[in-house]
Amino acid sequence: MPNVKLCCIASIAEAELAISSAATALGLVSAMPSGPGVIDERQIATIAAHVAATAPSIRTFLLTAKTEATDIIAQHQRCRTTTLQLVDHVPHAVLRELRRALPTVELVQVIHVIGEASLTEAIGVAPLVDVILLDSGNQSLAVKELGGTGRTHDWSVSRQIRDAVDKPVFLAGGLNAANLRDAVAAVQPYGLDVCSGLRTNGLLDARKVNDFMRELQ
């Protein structure tokens with residue numbers, strides 16, 4: 001069964017619901033140009049500390065739109081998650097600097113799958129990070145979409161990326177209980193990343209979470 005990361009976690013109660021439902025990772029969204037789930041850094045730090053104390057095997061992902069090493073390092077020092085999820089394009093030199101400065105922190109680079117160029121991008125960045133996460137945003141818009149779109153993308157390109165990189169691959173973008181079996185069959189990812197597909201009126205919906213996890217059995 002693929003690992004499941006429940007994203008846009010907004011409270012300790014949502015974190016506990018996700019963990020009790022067998023999620024292995026939680027996404028905590030910091031300031032973004034657009035999209036759902038943003039909480040302030042103090043809340044991210046509070047949730048991350050709670051999870052570290054009560055469920056230390058669970059990974060906590062800080063979703064950051066920052067692209068400069070000093071900014072990302074400072075943000076991580078404030079939030080103290082196990083993992084940095086870089087949702088915008090980050091220069092390779094910055095990734096190397098992050099690795100030197102934060103050697104115990106997992107680095108996840110998001111690739112927004114918009115065509116064959118995404119395959120080249122993923123192959124280039126894979127040696128510099130621990131995980132590749134495939135999503136459905138669009139960085140070329142005037143207001144960037146960096147996640148949480150609720151849209152699927154071309155899973156055939158995602159499968160090409162999954163086969164080409166020697167790193168675990170998470171699949172995100174428009175996943176829900178109705179399409180996850182098709183998504184898993186098409187891409188065979190290491191993990192699934194879900195936000196909007198498991199929410200009702202912005203809140204994590206226990207019924208939708210249970211339905212999603214049951215479909216993975």
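Residues are numbered from 1 along each chain as its sequence is written, and side-chain values use heavy atoms, with hydrogens and water left out. Because the model is predicted, local features need pLDDT of at least 70 and side-chain atom pairs count only at pLDDT 80 or more, while totals for chains, interfaces and linings use all residues.

**Exercise 1. Aromatic pairs**

Find the aromatic pairs, classify them and place their residues.

Step 1. Rings of Phe, Tyr and Trp (its six-membered ring) pair if their centres lie within 6.5 Å; planes under 30 degrees apart are stacked, over 60 edge-to-face, and the rest tilted.

Step 2. Count. The rule gives two aromatic pairs.

Step 3. Take Phe-61 and Phe-170. Their centres are 6.1 Å apart and their planes make 75°, an edge-to-face pair.

Step 4. Helices (H or I, at least four residues) and strands (E, at least two) are DSSP runs, numbered from the N terminus. Phe-61 is in strand β3 (residues 59-64) and Phe-170 in strand β7 (residues 169-171), so this pair ties together parts 109 residues apart in sequence.

Step 5. Take Phe-170 and Tyr-190. The ring centres are 5.4 Å apart and the planes stand at 85°, so this pair is edge-to-face. Tyr-190 sits in the loop between α7 (180-187) and β8 (191-194), and Phe-170 in β7, so the pair ties together parts 20 residues apart in sequence.

Step 6. Check exposure. Buried means under 20% relative accessible area, exposed over 50%, partly exposed in between (1.4 Å probe, protein chains only). Phe-61 and Phe-170 are buried. The relative accessible area of Phe-170 is 0%. Tyr-190 has 33%, so Tyr-190 is partly exposed.

Step 7. Join up. Phe-61, Phe-170 and Tyr-190 form one aromatic cluster.

**Exercise 2. Nonpolar cores**

Which residues have the most contacts inside the largest nonpolar core?

Step 1. Define the set. A nonpolar core is a set of buried Ala, Val, Leu, Ile, Met, Phe, Trp, Tyr and Cys residues joined through side-chain atoms within 4.5 Å.

Step 2. The largest core has 58 residues, and Leu-6, Ile-9, Leu-98 and Phe-212 have the most contacts inside it.

Step 3. Separate the other core. Another core, of 16 residues, lies apart from the largest one; Ala-25, Val-29, Val-131 and Leu-133 are among its residues.

Step 4. Inspect Leu-6. Contact means heavy atoms within 4.5 Å. Beyond neighbours within four places in sequence, the partners of Leu-6 include Ala-18, Leu-26, Val-194, Leu-198 and Val-209.

**Exercise 3. Helix packing**

At what angle do helices α6 and α7 pack, and which residues meet?

Step 1. Axes are lines fitted to C-alpha atoms, for helices over the stretch in contact, and angles run from 0 to 180 degrees between N-to-C directions.

Step 2. Read the values. Helix α6 (residues 155-164) packs on α7 at about 45°, with axes 8 Å apart.

Step 3. Classify. Angles under 35 degrees are roughly parallel, over 145 roughly antiparallel, 65 to 115 roughly perpendicular, and the rest oblique. Helix α6 is therefore oblique to α7.

Step 4. List the contact. Trp-155, Ser-158, Arg-159 and Arg-162 of α6 meet Asp-182, Ala-183, Ala-185, Ala-186 and Val-187 of α7.

Step 5. Sort by class. Ala, Val, Leu, Ile, Met, Phe, Trp, Tyr, Cys and Pro count as nonpolar, Asp, Glu, Lys and Arg as charged, and the others, Gly among them, as polar. The α6 and α7 contact has five nonpolar, one polar and three charged residues.

Step 6. Repeat for helix α2 (residues 41-54) and α3. Their axes come within 8 Å and cross at roughly 55°, and α2 and α3 are therefore oblique to each other. Glu-41, Ile-44, Ala-45 and Ala-48 of α2 make the contact with Gln-75, Arg-78 and Cys-79 of α3. Here the classes are four nonpolar, one polar and two charged.

**Exercise 4. Positive phi**

Where do Arg-80 and Gln-188 lie?

Step 1. Recall the background. Most residues other than glycine have a negative phi.

Step 2. Take Arg-80. Its phi is positive, near 60°. Arg-80 lies in the loop between α3 (69-79) and β4 (83-86). Arg-80 is exposed, at 57% relative accessible area.

Step 3. Take Gln-188. Its phi is also positive, about 55°. Gln-188 lies in the loop between α7 and β8. Gln-188 is partly exposed, at 39%.
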